[in-house]
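Here is a short report on one protein chain. Look over the sequence and the model before reading on.

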Amino acid sequence: MSEEDYKKIFSRQLNYYMSITGKTQSDIINDLGFNKSAVSTWCNGTRLPRMDKVDALAKYFGINRSDLIENKNELSEPSYYLNDDARDMAQFLYDNPEYKVLFDASRKVKKEDIEIVKIMLDKFKGKD
């Protein structure tokens, strides 16, 4: 694999983990003390970080180093879900038509019904 391929993989993986954790380049710069231009070049795929930086990023995101530098599934993007339990539950909800309201809410359910579901979910999370 060429260095360009590695840059693309790292960039895609870094941007993916930033997206699912809600982190920005500024967060990484401020939280880890990295150079602004370095983070920018990693995110846009023009440079690769040193391994100590990869290790710091992996620790920051709570993932393995390999999650950032390896193309574990060459045919598709990284998994949408952070863990297998969440993926399995989402698949269960999708496969069982009686739960489809969770996926079709914006088309087939009134706003009030969506708000009730949100309130219930907030209660489960301990939000009031």
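## Overall make-up

Accessible areas here come from the Shrake-Rupley method with a 1.4 Å probe. On that basis the protein chain exposes about 9,400 Å². Carbon and sulfur atoms supply 52% of that area. The model is predicted.

The protein chain has eight helices and zero strands. From the N terminus on, the order reads α-α-α-α-α-α-α-α. Of the 128 residues, 26% count as buried. Among contacts with a separation of 6 or more, 55% join residues 24 or more positions apart.

## Helix 4 and its cover

Which residues of helix 4 are buried? In this helix, residues 51-61, they are Val54, Leu57, Ala58 and Phe61. They cover an arc of only 100 degrees around the axis, so they sit on the same side of helix 4. An α-helix has 3.6 residues a turn, so residues three or four places apart point the same way.

The cover over the buried residues of helix 4 includes helix 1 (3-21), helix 2 (25-32), helix 3 (36-44) and helix 5 (65-69). Just after helix 4 comes Gly62, with a positive phi of about 70 degrees.

## Aromatic cluster

A pair of aromatic rings is described by the distance of the centres and the angle of the planes. The count comes to four aromatic pairs. In one of them, the rings of Tyr16 and Tyr17 have centres 5.0 Å apart and planes at 75 degrees; the pair is edge-to-face because planes over 60 degrees apart count as such. Tyr16 has 15% relative accessibility and Tyr17 has 11%, so both count as buried.

Tyr17 also pairs with Phe61. This pair is tilted, with 6.3 Å centre to centre and 35 degrees between the planes. It links distant parts of the chain: Tyr17 is in helix 1, Phe61 is in helix 4, and 44 residues separate them. Phe61 counts as buried, at 10% relative accessibility. Tyr16, Tyr17, Tyr60 and Phe61 form one aromatic cluster.

Ile20 lies in helix 1. Ile20 counts as partly exposed, at 31% relative accessibility.

## Nonpolar surface patch

Which residues make the nonpolar surface patch of about 460 Å²? They are Ile116, Met120, Leu121 and Phe124. Met120 is found in helix 8, residues 111-125. Is Met120 buried or partly exposed? Its relative accessibility is 46%, so Met120 counts as partly exposed.

Key:
Residues numbered from 1 in each chain as written. Predicted model: local features only at pLDDT ≥ 70, side-chain atom pairs only at ≥ 80, totals over all residues. Heavy atoms only, no water. Patch = residues over 30% accessible without salt bridge, like charges linked within 9 Å, V, L, I, M, F, W, Y side chains within 5 Å. Salt bridge = Lys/Arg side-chain N within 4 Å of Asp/Glu carboxyl O. Helix = DSSP H or I, 4+ residues; strand = E, 2+ residues; numbered from the N terminus. Buried < 20%, exposed > 50% of the residue type's maximum accessible area, 1.4 Å probe, protein only. Arc of directions from axis to C-beta. Contact = heavy atoms within 4.5 Å. Phe/Tyr/Trp six-rings, centres within 6.5 Å; stacked < 30°, edge-to-face > 60°.
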